[in-house]
Amino acid sequence: MGDISQDINSNFANNKVKALLNIIYTANWISSHQNEFFKPYGISPQQFNILRILRGAGEPIKVQTIKERMIERAPNATRLMDKLCDKGFINRLPCPEDRRVVHIQITDPGLLLLKDIDKNFKEDLLENLTENEASLLSDLLDKIR
């Protein structure tokens, strides 16, 4: 099991500073693992998030709705969707009532990609936590926000 004090060879002024730095350090560690996991699929974690949002919606939704639902509020969400569109994982549907509005729809290849990812996606980053510990961690992170 890791210890941030040893991992970054540092001491901390108090436990709140240690906890804050540990959250940032762990977030970067998770991000690195996610990037490696999604690399063979040719998508980023943010693009995966967009595809999951679209699958969960069950119908075409506005670009703005996708941006609001994203875990990581990416200012480049439109560019991420451009890449997904180029790969054939999503379609853009113009709104007949308002030309300024575009709806996004997941395609069959996008759904197949998610199905493949679902088979291989594991919670192994949290394997050292029990269900109760995972619940407590989630509650504590919610409390911070």
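Reply: The following account treats the salt bridges and then the surface patches.

This is a predicted model, in which local features need pLDDT of at least 70 and side-chain atom pairs count only at pLDDT 80 or more, while totals for chains, interfaces and linings use all residues. Residues are numbered from 1 along each chain as its sequence is written, and side-chain values use heavy atoms, with hydrogens and water left out.

A search of the whole structure finds six salt bridges (a side-chain nitrogen of Lys or Arg within 4 Å of a carboxyl oxygen of Asp or Glu). One of them joins Arg-55 to Asp-118, with the closest N and O atoms 2.7 Å apart. This pair links distant parts of the chain, since Arg-55 is in helix H3 (residues 45-57) and Asp-118 in helix H6, 63 residues apart. Helices are DSSP runs of H or I with at least four residues, numbered from the N terminus. Arg-55 is partly exposed at 30% relative accessibility, and Asp-118 is partly exposed at 36%. Here buried means under 20% relative accessible area, exposed over 50%, and partly exposed in between, with a 1.4 Å probe and protein chains only.

Helix H6 also holds Asp-116 and Lys-119, three residues apart, about one turn of the helix. Their side chains meet in a salt bridge of 3.8 Å, N to O. Asp-116 is partly exposed at 29%, whereas Lys-119 is exposed at 63%. A further salt bridge, 3.0 Å from N to O, joins Arg-100 and Asp-98. Arg-100 is exposed at 73%, and Asp-98 is partly exposed at 23%.

The surface patches come next. Patches are made of residues with over 30% relative accessible area and no salt bridge; like charges are joined within 9 Å, and nonpolar side chains (Val, Leu, Ile, Met, Phe, Trp, Tyr) within 5 Å. Accessible areas come from the Shrake-Rupley method with a 1.4 Å probe.

Glu-123, Asp-124, Glu-127 and Glu-131 gather in a patch of negative charge. Glu-123 lies in the loop between helix H6 (108-120) and helix H7 (131-144), and is exposed with a relative accessible area of 67%.

A nonpolar surface patch of about 650 Å² includes Ile-23, Trp-29, Leu-125 and Leu-141 among its residues. Helix H2 (15-38) and H7 each supply at least two residues of this patch, and the largest share, three residues, comes from H7. Leu-141 is in helix H7 and is partly exposed, at 33%.

Methods: Lys, Arg positive; Asp, Glu negative; His and termini not counted. Charge placed at Lys NZ, Arg CZ, Asp CG, Glu CD.
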